Every structure is written in structure tokens, then in C-alpha cells.
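Visitor: I would like to know how the labels on this model are reached. Please take me through a few of them.

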Amino acid sequence: MPIVSLDSNDSLPLIDQIANAVKKMVDDRAIRAGTRMPSIRNFAHDHGISRFTVVQAYDRLVAMGYLQSRQGSGFYVSQRQNPYVAMENSYEPDSVMDIVWLLRNSLEHRSSSTMPGAWWLPAAWMEETGIKKSLRTLSLKDGEFMTAYGTPSGYLPLRELLSNKLSGIGIAAGASQIVLTSGVTHAMDLIARYFIRAGDAVLVDDPGYFILFGGLKSFGAKIVGVPWNVDGPDTHAMEELIKEHRPKIFFTNTILHNPTGASISQAVAYRMLQLAEKYDMMLVEDDIYGDFHPATLTRLATLDQLNRVIYVSSFSKTVSASLRVGYFACSPELAASLCDVKLLTGLTTSEISERLMYQLLTEGHYRKHLDKLRAKLLLARQTTISRLEGLRFTLHCEPDGGMFIWAKMDDQCNSAEIASLAAKKGIMLAPGHMFKPHQEPSPWFRFNVAHCNDDATFEFLSGCLQK
């Protein structure tokens with residue numbers, strides 16, 4: 001542990017100086033969870049202070065949750081989980097590498113940085129031509145939709161079209177069971193508001209969607225991670241966690257999972273539904289990446305037919321993040337209740353965006369656009385995998401589609417530290433701990449293959465391996 005700088009002439013007592021310094025080092029991850037602190041005797045000797053002062057400082061850090069005392073062994077840095085304590089009212093992000101840091105830096109510097117850690121496709125890959133054409137067509141139409149509120153559930157013709165789209169993957173959902181939202185994040189927020197109360201346990205993917213973790217925490221949820229295998233959630237672990245925590249709901253991303261790229265198998269899907277029925281639990285199925293898959297895979301909602309499953313998706317990843325058009329489908333009664341939550345928390349969604357999306361889908365742009373995207377992603381995925389394996393990275397799996405690769409250098413690698421170094425060179429990586437429910441250290445990285453077409457990323461990673 002680094003020597004703490006103390007000033008006996010400072011008006012701040014030495015106890016406070018020690019406690020503040022250690023707290024900052026833990027927050028900045030200069031000393032990691034599980035690190036053994038210097039003994040009271042050694043700390044006092046190294047800093048020329050009394051043992052009593054060190055005892056008082058360590059006791060204060062224990063009370064603050066930064067250290068834990070192990071009888072007969074000494075003091076150790078605690079595993080910090082304060083950002084997810086159920087009754088905490090405010091979110092305090094770590095100062096070096098956290099969810100807000102990744103969001104802010106990724107969005108603010110996307111035009112000037114190399115972005116292998118991005119969660120979106122390059123602008124040049126998106127359907128700009130179709131959007132411009134549809135905008136021109138829409139601008140010529142008369143109606144209140146340009147200035148008035150939309151309808152509570154969203155633009156009816158689009159909901160009817162989505163009903164047909166869901167039918168194509170085996171999900172029977174009438175227009176009354178579909179509510180339009182401003183993307184998947186909005187849909188998740190509405191569902192969380194309806195189901196979750198402070199202190200409730202909620203199951204999430206581990207690793208999983210880091211923005212969801214922050215959102216659930218804001219409702220006071222106790223977040224419990226279910227490990228992901230190459231065929232979906234570990235259902236044995238899932239049942240044990242259900243028995244222990246008695247959650248009401250499980251948020252999971254089933255097809256081309258973010259961040260691993262894996263897809264759920266039919267056997268795992270069946271078992272998840274059995275557990276949901278057995279323990280009276282809802283499943284929220286995030287299928288935002290499903291359209292990237294070249295085949296029609298079984299979804300939870302396909303097997304369940306929206307009994308215990310709320311199906312969520314969006315066009316933010318495939319068409320435009322700016323349009324913010326998403327939706328959820330569920331039982332008619334639940335759809336009506338969730339629509340009420342939508343009205344109370346944000347009124348209606350943009351009918352202009354919804355009409356625009358309707359035109360893109362009905363005029364054939366979307367199908368052709370998806371074909372092009374899948375072809376581009378296949379080539380980019382093959383190239384990225386080859387380059388990563390050339391650097392002796394280990395892959396979690398080789399995805400059948402989509403944009404993400406989950407890979408690690410080795411088990412000893414600290415991806416957060418490497419990402420911090422990369423950021424200083426203008427390279428934005430997505431370190432594995434961001435995708436852990438409580439941001440535990442991880443050797444894994446999520447790579448977006450669509451943003452891995454430059455040499456800078458791989459030259460940097462190669463340099464890290466040589467050190």
C-alpha cells in the first residue's frame with residue numbers, strides 16, 4: 001500500500017487525514033478489494049505516529065464500510081457494494097471507471113476516439129437513406145401528429161405491424177398487448193416501476209446490461225446476478241438464488257446476449273419457464289439484438305406466450321438510436337397497467353418517430369437493411385475473432401451473429417486497469433467489471449466487432465501482452 005501523506009500542522013486531525021486518504025485510494029481503486037492493510041504497528045512506524053491514532057482511523061474506516069477486521073489476521077479492504085444497497089437514495093459512481101463514466105465518455109467522445117467498447121453500430125452502417133426518404137414522405141402528410149400528443153399505447157398501425165412481426169417468431173400478441181416506448185431502457189424502467197419496491201430482490205444476467213443495473217438500483221432493488229453459460233443462464237444456480245432471495249422478477253437478454261454474444265438454448269428456456277412457474281416469478285425478455293441473428297431462434301415468449309414473460313425490444317440498435325422507438329408485449333391486463341405507468345411518468349411517446357418507423361418497416365427498407373447489416377457483421381466478426389485469437393485471447397463463445405465478442409487475455413488480467421490505460425490513448429474499451437452486477441473485478445472485455453477495424457486497438461492490446 002502507498003505511504004499516506006500526513007501533515008501534523010494541518011488543522012484536520014491525523015485520524016481524519018488517514019481515513020480520507022485510505023477512502024480515496026479505495027474509491028480510486030489504487031488498493032483493491034481483499035487487499036490486506038498494513039498492521040497497526042507497521043502503519044504507525046512507517047508514518048511516525050502513535051498506534052492509537054492508527055487504531056482510531058482503522059475503526060472509522062470499518063464503520064464506513066471501507067475496511068473489515070478479521071480476528072487474528074488484521075484489516076482488509078472491503079468488497080464495496082454501497083452503490084447497490086437497497087435503501088440508498090443517491091448513486092455515487094466510482095471516480096475512475098464506472099457506469100456513468102463509460103456512458104459519458106463513450107457518448108461525448110465517439111467522434112474523436114477509437115471505440116471497440118461501443119454498444120452501437122457505426123453511423124455509416126445505419127439506415128440514413130431510408131430515414132431521409134421517410135422523413136420527406138412524412139413531412140408532406142397533414143395531421144395533428146406533428147404537434148399533438150400521441151396515443152397512450154403508441155401509434156396503432158405500428159403496433160399492428162409489430163403484432164405481425166412477433167407472429168413471425170411464434171409470439172401471439174395482439175395490438176392491445178403491445179405498448180410503444182422510447183427504447184428498451186424506457187421499457188425496462190416502466191416495468192421496474194410497476195414491479196419493484198425498495199428492498200426487493202431482482203435477478204439479472206451476470207454478466208449483463210450495465211445500464212439496467214444502475215436503473216434497478218435507483219428503485220432500491222437488491223440486485224442478484226445469475227451466471228451466464230454458452231447456452232443461457234445457469235438454471236441450477238438460478239434456482240438456488242431464487243430459493244435464497246425470493247425475487248419477483250428476472251431481467252434477461254436471451255438472443256445474442258450482451259455482452260457474451262451467446263444465445264439461449266431451447267432446453268434452458270424451458271427450464272427457466274418451469275422455475276418461473278414454480279416460484280411465481282416474472283421473466284423480462286430483452287430481445288433487442290434478435291434481428292441480428294441469421295436464424296429464427298426460440299424465445300422465452302415463444303414458449304410462454306406472454307403468460308409469465310414480458311417481451312421487450314427496440315429498433316435503436318438496428319435502425320436509429322436517435323428515433324428512440326421500442327416496445328414491450330405482455331398479457332392484455334398487464335399491458336394496460338404498464339401503459340398507465342407510462343402515462344403517469346412521461347405521458348406519450350413521439351408519434352412522429354413511430355410513424356417514421358412504421359414507414360421504414362412497411363416500405364421494405366428494414367428487411368434489406370438487416371440483410372446488409374448481417375453481412376457486414378459476419379465479416380467484421382470473423383476478422384475480429386481472428387485478430388483476438390492471434391493475440392491469444394480466449395473467447396467465451398463464437399457468436400452466430402450480432403456485434404459483440406466477450407474475450408479475455410488471461411485470468412490474471414485486470415480489464416479495468418487496462419481500459420483506463422487505453423482511454424489515455426483515445427481508445428475506449430469496455431472492461432468486464434462494468435457488466436458485473438456489483439462491478440467485481442473481471443479479466444473479460446466486450447468488443448464491438450463493427451468498431452474493431454483499426455490497428456490502434458490491437459497494437460495497444462499487443463503491447464499490454466508483452467509487458
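This is a predicted model: local features need pLDDT of at least 70, side-chain atom pairs count only at pLDDT 80 or more; totals for chains, interfaces and linings use all residues.

Visitor: Why is H2 called oblique to H3?

Guide: Helix H2 (residues 40-47) and helix H3 (residues 51-63) pack at an angle of about 120 degrees, and their axes are 9 Å apart. Roughly perpendicular covers 65 to 115 degrees and roughly antiparallel begins over 145, so H2 is oblique to H3. Their crossing is right-handed.

Visitor: Which residues of H2 and H3 meet?

Guide: From H2 come Ile40, Arg41, Phe43 and Ala44, and from H3 come Arg51, Val54, Val55 and Tyr58. The contact of H2 with H3 is made of six nonpolar residues, two charged and no polar.

Visitor: How many aromatic pairs does a search of the whole structure find?

Guide: The search gives 15.

Visitor: What makes the pair of tyrosine 194 and phenylalanine 195 edge-to-face?

Guide: The ring centres are 5.0 Å apart, within the 6.5 Å for a pair, and the planes stand at 80 degrees, over 60, so this pair is edge-to-face.

Visitor: Why does phenylalanine 195 count as buried?

Guide: Its relative accessibility is 16%, and buried means under 20%, so phenylalanine 195 qualifies. Tyrosine 194 has 33%, between 20% and 50%, and is therefore partly exposed.

How values were computed. Residues are numbered from 1 along each chain as its sequence is written. Side-chain values use heavy atoms; hydrogens and water are left out. Axes are lines fitted to C-alpha atoms, for helices over the stretch in contact, and angles run from 0 to 180 degrees between N-to-C directions. Helices (H or I, at least four residues) and strands (E, at least two) are DSSP runs, numbered from the N terminus. Angles under 35 degrees count as roughly parallel, over 145 as roughly antiparallel, 65 to 115 as roughly perpendicular and the rest as oblique. A crossing is left-handed if the near helix is turned anticlockwise from the far one by less than a right angle, and right-handed if clockwise. Contact means heavy atoms within 4.5 Å. Ala, Val, Leu, Ile, Met, Phe, Trp, Tyr, Cys and Pro count as nonpolar, Asp, Glu, Lys and Arg as charged, and the others, Gly among them, as polar. Rings of Phe, Tyr and Trp (its six-membered ring) pair if their centres lie within 6.5 Å; planes under 30 degrees apart count as stacked, over 60 as edge-to-face and the rest as tilted. Buried means under 20% relative accessible area, exposed over 50%, partly exposed in between (1.4 Å probe, protein chains only).
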